[in-house]
Amino acid sequence: MLQEIPTSTQALREARPCVLETERLTLRKPGLADVKAIACLANDRRVAEMTRRLPFPYTRDDAARFVTTLGQSDETVFLIEADDEPVGIVGLDWSDRDAPALGYWLGVQHWGNGYATEAARAVIDLAFEDRGAKQIVASARVINPASRNVLEKCGFQWTGVELHRVEAIASSTPVDCFRLTRGVWSSLKSWSATRRGR
Ligand SMILES: CC(C)(COP(=O)(O)OP(=O)(O)OC[C@H]1O[C@@H](n2cnc3c(N)ncnc32)[C@H](O)[C@@H]1OP(=O)(O)O)[C@@H](O)C(=O)NCCC(=O)NCCS
């Protein structure tokens with residue numbers, strides 16, 4: 001349990017570069033060598049307009065700024081790789097330590113393979129198992145059923161609608177808000193472990 005770890009050890013764990021492996025994906029910290037790939041994947045209106053902060057067009061300078069300023073924010077960010085190829089980004093914004101916000105996007109050519117759900121589950125497990133989150137929040141534009149499906153497959157429950165500013169459309173727009181509590185996550189983990197043991 002995170003609460004039992006002395007603060008200094010916890011700080012060390014959080015400082016260590018973290019790589020997550022799933023069945024098909026590797027999640028690792030993005031670096032300058034990934035700038036070109038990130039810019040290619042993100043520079044698409046269909047991606048940017050569904051996220052809060054990606055500008056459109058999205059240039060290599062935007063990607064370089066993104067990777068070089070990673071250490072300056074309250075975020076845990078992973079580059080998602082499938083078959084050693086970058087496919088997108090997943091991360092947690094820890095501005096609220098008890099309730100980090102989950103976000104993700106994939107290059108359009110990589111949609112529809114279940115990658116977002118697989119990557120989100122790995123980051124959710126990290127947040128609850130290692131980082132002491134009490135709940136995780138997320139949001140998706142009301143016109144984004146794919147993202148809503150990802151969140152529901154991960155166990156998130158709808159909590160209401162808010163207006164959020166979306167950089168790529170330079171305006172505010174309605175979003176569905178979701179929450180995954182530690183209790184629901186833990187029940188889902190026990191249920192799937194029981195099923196695997198059958
Ligand atoms: C949202 C996004 C990450 C989903 O990635 P993905 O890897 O295709 O997602 P998954 O395959 O894990 O799951 C998507 C689910 O939505 C379903 N889906 C996809 N498009 C859909 C649509 N137009 N209507 C309804 N369901 C849809 C898929 O069938 C799948 O569900 P299933 O597994 O039950 O079949 C990707 O579309 C994306 O990057 N979009 C732009 C950025 C974005 O929306 N980010 C999230 C911000 S909240």
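1. Basis. This is a predicted model, in which local features need pLDDT of at least 70, side-chain atom pairs count only at pLDDT 80 or more, and totals for chains, interfaces and linings use all residues. Residues are numbered from 1 along each chain as its sequence is written, and side-chain values use heavy atoms, without hydrogens and water.

2. Fold. The protein has seven helices and eight strands (DSSP runs numbered from the N terminus: helices are H or I, at least four residues; strands are E, at least two). The radius of gyration is 17 Å, close to the 16 Å of the globule rule for 198 residues, so the protein is as compact as a globular protein of that length. The radius is taken over C-alpha atoms; the rule is 2.2 Å times the number of residues to the power 0.38. The C-alpha trace spans about 45 × 35 × 35 Å along its principal axes.

3. Burial. Of the 198 residues, 43% count as buried (under 20% relative accessible area, 1.4 Å probe, protein chains only).

4. Charge. The mean positions of the 26 positive and 26 negative charges are 3 Å apart. Lys and Arg count as positive, Asp and Glu as negative; His and the chain ends are not counted. Charges are placed at NZ of Lys, CZ of Arg, CG of Asp or CD of Glu.

5. Helix 4. In helix 4 (residues 60-68), Asp62, Ala63 and Val67 are buried. They cover an arc of only 125° around the axis, which puts them on the same side of helix 4. The arc uses directions from the helix axis to the C-beta atoms.

Terms used:
Buried < 20%, exposed > 50% of the residue type's maximum accessible area, 1.4 Å probe, protein only.
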